Amino acid sequence: MARRVFGLIDDVGMVWSLEDIEGIEERALRSGHLAVLLGDIEAAERLFLASSEPIEALNMRRDLLHWPRALTLAQELKPDEIPHISKEYAQQLEYNGQYAEALRHYEEGELKSKEGEDEADQVLEHNEICRSGIARMAIRTGDLRRGFDLARSLDGRVVKRDCAIILEELRQYSDAAVLFEQGRYYDRAAAVCLKAKNWQVVKVADLLPNVRSPKIHSQYGKVMESDQKYKQAAIAYKNARDYDNLVRMLLNHLNMPEEAVAIVRESRSAEGAKLVAK
């Protein structure tokens, strides 16, 4: 009867849902599913828990992203699921900016391998998500060294990038540059170094062969020029295809007019030509 009514009002989704539970003979279990369809979640949980399949109460709470209640039910019904629920809850908390709580649930989400056993692929993937989350949340909550060290120890590139971005926001430029470099985000590593003007911890010159951004090469050239390191500045301007500044370096500081003329001819730089004409 119900299927017929919903069919008449073209509620196809409800018709299909009713068909799915039509074969359930147990009254409490069938009533629980009906309560879900009607949006009475509390009643549905009571009915599921009173049925022969109380795990349906846990499944429902997970489907609805009701993580605190899902964790409580998991403790009673399926403790093995607690780490998986904790991981998913931590991701929601992180998204909502509740970093301290997210950290706690990422920590509780780690799966422990039995002594002497290697982690299976699924466990590795799960724990990589949790450990990456711990690294990010440790930095977010002020434990910078823990987060930095953990990010460095993990294999993934993305966690290094994510933690480096947070460290950069916190003006921890040296640590951010190290993680960007380890993750092979060379342009970002060089950009952070230039922002920090810190040549001792991470040398920008060592990164430049892997840097693709002309803007970064040009910025480095300006820094070298301000330090009166004109040869390095000229090389940087050349790599940046910043021909006007390159011509200026060759003429004003390196006494290389012939090279300047060659650059003007090759690049057809109008400003460069003006400099040469002077």
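Trainee: Which handedness does the crossing of helix 7 and helix 9 have?
Mentor: Keep in mind that this is a predicted model. Helix 7 covers residues 82-95 and helix 9 covers residues 121-140. Where helix 7 passes helix 9, the crossing is left-handed.

Trainee: How do the axes of helix 7 and helix 9 cross, and at what angle?
Mentor: Two packed helices are described by the angle between their axes and the distance between the axes. Here the axes come within 11 Å. They cross at roughly 40 degrees.

Trainee: Which residues of helix 9 does helix 7 meet?
Mentor: Start on the helix 7 side, with P83, H84, K87, Q91 and E94. Their partners in helix 9 are H126, I129, C130, R136 and M137.

Trainee: How many residues of each class are in the contact of helix 7 with helix 9?
Mentor: Sort the residues of this contact by class. The contact has three charged residues and three polar ones. The nonpolar residues number four.

Trainee: Are helix 5 and helix 6 roughly parallel or roughly antiparallel?
Mentor: Helix 5 is residues 55-63, and helix 6 is residues 67-77. Their axes are 9 Å apart and pack at an angle of about 155 degrees. Angles over 145 degrees count as roughly antiparallel. Therefore helix 5 and helix 6 are roughly antiparallel.

Trainee: Which residues of helix 5 and helix 6 make the contact?
Mentor: The crossing of these two helices is left-handed. Helix 5 brings I55, A57, L58, R61 and R62. Helix 6 brings W67, R69, A70, L73, A74 and L77.

Trainee: How many nonpolar residues are in the contact of helix 5 with helix 6?
Mentor: Divide the contact residues by class. Three are charged and no residue is polar. The nonpolar count is eight.

Trainee: Where is E81, and is E81 buried or exposed?
Mentor: E81 is found in the loop between helix 6 and helix 7. Its C-alpha atom is 9.5 Å from that of G109, 28 residues apart along the chain. The relative accessible area of E81 is 18%, and buried means under 20%, so E81 is buried.

Trainee: How many helices and strands does the protein chain have?
Mentor: The chain has 278 residues, and 39% of them count as buried. Its accessible surface comes to about 16,500 Å², with 48% of that belonging to carbon and sulfur atoms. The protein chain has zero strands and 19 helices.

Trainee: What share of the contacts with a separation of 6 or more joins residues 24 or more positions apart?
Mentor: Take the contacts in the protein chain with a separation of 6 or more. Then pick those between residues 24 or more positions apart. Their share is 35%.

Trainee: Is R212 buried or exposed?
Mentor: R212 lies in the loop between helix 14 (204-207) and helix 15 (214-226). The relative accessible area of R212 is 78%, and the cut-off is over 50%, so R212 is exposed.

Trainee: Which residues does E225 touch, beyond those up to four places away in sequence?
Mentor: The place of E225 is in helix 15. E225 is buried, with a relative accessible area of 18%. Its contacts are Y230, A233, Y237, R248, M249 and H253.

Trainee: Is Y230 buried or partly exposed?
Mentor: Y230 sits in helix 16. Leaving out residues up to four places away in sequence, Y230 touches E225, M249, H253 and L254. Y230 and H253 are 23 residues apart in sequence and 6.6 Å apart in space, C-alpha to C-alpha. At 21% relative accessibility, Y230 counts as partly exposed.

Trainee: What is the phi of R241?
Mentor: R241 is in the loop between helix 16 (230-239) and helix 17 (243-252). R241 counts as exposed, at 53% relative accessibility. R241 is a residue other than glycine, yet its phi is positive, near 60 degrees.

Trainee: What is the phi of N255?
Mentor: N255 lies in the loop between helix 17 and helix 18 (257-267). N255 is exposed, with a relative accessible area of 67%. N255 is not a glycine, but its phi is positive, at about 50 degrees.

Note on methods: Residues are numbered from 1 along each chain as its sequence is written. This is a predicted model: local features need pLDDT of at least 70, side-chain atom pairs count only at pLDDT 80 or more; totals for chains, interfaces and linings use all residues. Side-chain values use heavy atoms; hydrogens and water are left out. Axes are lines fitted to C-alpha atoms, for helices over the stretch in contact, and angles run from 0 to 180 degrees between N-to-C directions. Helices (H or I, at least four residues) and strands (E, at least two) are DSSP runs, numbered from the N terminus. A crossing is left-handed if the near helix is turned anticlockwise from the far one by less than a right angle, and right-handed if clockwise. Contact means heavy atoms within 4.5 Å. Ala, Val, Leu, Ile, Met, Phe, Trp, Tyr, Cys and Pro count as nonpolar, Asp, Glu, Lys and Arg as charged, and the others, Gly among them, as polar. Buried means under 20% relative accessible area, exposed over 50%, partly exposed in between (1.4 Å probe, protein chains only). Angles under 35 degrees count as roughly parallel, over 145 as roughly antiparallel, 65 to 115 as roughly perpendicular and the rest as oblique. Accessible areas come from the Shrake-Rupley method with a 1.4 Å probe; for residues, only the protein chains shown count as cover.
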